[in-house]
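The structure comes first, and the description follows it.

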Amino acid sequence: MLIGLVRDSVMQCFCHTCRAPGILPAVSRRSAPIKKINKIRSKQPRLSKKVKFITTEIRCQEKSRGGLSYEVILAEPAPNVAVPKRPVTPGKNVSVEEIEQKLKAAEERRISLEAKKMADISNKLAKVEEATRKKDEITNEFITQTKEQLESKMEQHVEKRDAIISDMKEKLKIHAQEIEKTRETLEQQKANEQKAIEEKLKIAQSLRDENIKKMLDRLKEHERRAELVRQNKAQAQDMEGQQSPIASSG
């Protein structure tokens with residue numbers, strides 16, 4: 001089927017309206033049978049000009065996965081083509097020396113071919129060993145670099161962790177110092193306030209005692225004056241009582 005398509009595409013004109021005479025199109029075995037259609041034949045005038053074929057080069061490629069590609073090149077047949085001559089076969093009269101020389105030459109060729117193959121094999125093995133050695137070196141270098149990078153990262157991580165821990169300890173220490181200072185300040189303020197309260201209480205007590213003393217003094221003074229008033233009144237009454245009998249007797 002593929003060969004028929006290639007042949008059909010090659011022998012077809014570029015305008016795809018006509019085909020070269022004398023070439024039947026390739027028909028696939030699997031294609032459906034073509035039914036003949038009875039057409040009315042009409043006479044057409046013959047063309048005086050002959051069809052001329054131009055030397056062309058057409059490359060057709062049919063590519064598929066796992067398939068083949070074909071190149072078809074068409075050209076005019078060469079008139080003078082040198083036909084390869086067959087090699088002259090030796091005659092039947094061959095001597096033993098010639099046979100031995102040929103066998104020896106064949107043995108030498110075989111030995112040289114074997115030596116060449118062994119050299120090629122040794123070269124390939126050397127290349128394989130060199131590639132394996134380079135691969136091992138690259139792998140070891142990669143492992144070393146990766147190990148060094150991991151170790152450096154771990155060291156950096158440890159240093160960062162130690163720095164963070166030391167920073168946190170310093171901050172906690174400063175915070176504890178501030179707390180202690182605040183506590184001491186509060187205790188001092190409390191002591192000062194308590195002292196001030198005690199002093200105020202003492203002053204208030206002294207003032208209260210003084211006020212009580214003054215009030216007692218005032219009360220004593222008042223009683224004294226009241227006593228004087230009573231005494232004066234009693235004396236006045238006595239004097240009045242003494243004067244009344246005198247008046248009655250006179």
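## Negative patch

Glu 148, Glu 151, Glu 155, Glu 159 and Asp 162 form a negative surface patch. Patches are built from residues with over 30% relative accessible area and no salt bridge, joining like charges within 9 Å and nonpolar side chains (Val, Leu, Ile, Met, Phe, Trp, Tyr) within 5 Å. Asp and Glu count as negative and Lys and Arg as positive, while His and the chain ends are not counted. A charge is placed at NZ of Lys, CZ of Arg, CG of Asp or CD of Glu.

Glu 159 counts as exposed, at 55% relative accessibility. Exposed means over 50% relative accessible area, buried under 20%, and partly exposed in between (1.4 Å probe, protein chains only).

## Basis of the model

The model is predicted: local features need pLDDT of at least 70 and side-chain atom pairs count only at pLDDT 80 or more, whereas totals for chains, interfaces and linings use all residues. Residues are numbered from 1 along each chain as its sequence is written, and side-chain values use heavy atoms, with hydrogens and water left out.

## Overall make-up

The protein has two helices and zero strands. Both kinds of element are DSSP runs numbered from the N terminus, helices being H or I with at least four residues and strands E with at least two. Of the 250 residues, 3% count as buried.

Accessible areas come from the Shrake-Rupley method with a 1.4 Å probe, and for residues only the protein chains shown count as cover. Among contacts (heavy atoms within 4.5 Å) between residues at least 6 apart in sequence, 29% join residues at least 24 apart.

## Salt bridges

The whole structure holds 10 salt bridges, each a side-chain nitrogen of Lys or Arg within 4 Å of a carboxyl oxygen of Asp or Glu. Arg 183 takes part in a salt bridge with Glu 180, with the closest N and O atoms 2.2 Å apart. These two residues are three apart in helix α2 (residues 96–249), so about one helical turn separates Arg 183 and Glu 180. Arg 183 also meets Glu 187 in a salt bridge, at 2.6 Å from N to O. Arg 183 and Glu 187 are four residues apart in helix α2, about one turn of the helix. Partly exposed residues here include Arg 183 at 37% relative accessible area, Glu 180 at 32% and Glu 187 at 44%.

Glu 227 and Arg 230 form another salt bridge, their closest N and O atoms being 2.2 Å apart. Glu 227 and Arg 230 lie three residues apart in helix α2, so they are separated by about one helical turn. Glu 227 is partly exposed at 35%, as is Arg 230 at 49%. Elsewhere, salt bridges with shared partners join Glu 107, Arg 110 and Glu 114 into one network.

## Nonpolar patch

Met 118, Ile 121 and Leu 125 make a nonpolar surface patch of about 310 Å². Leu 125 belongs to helix α2.
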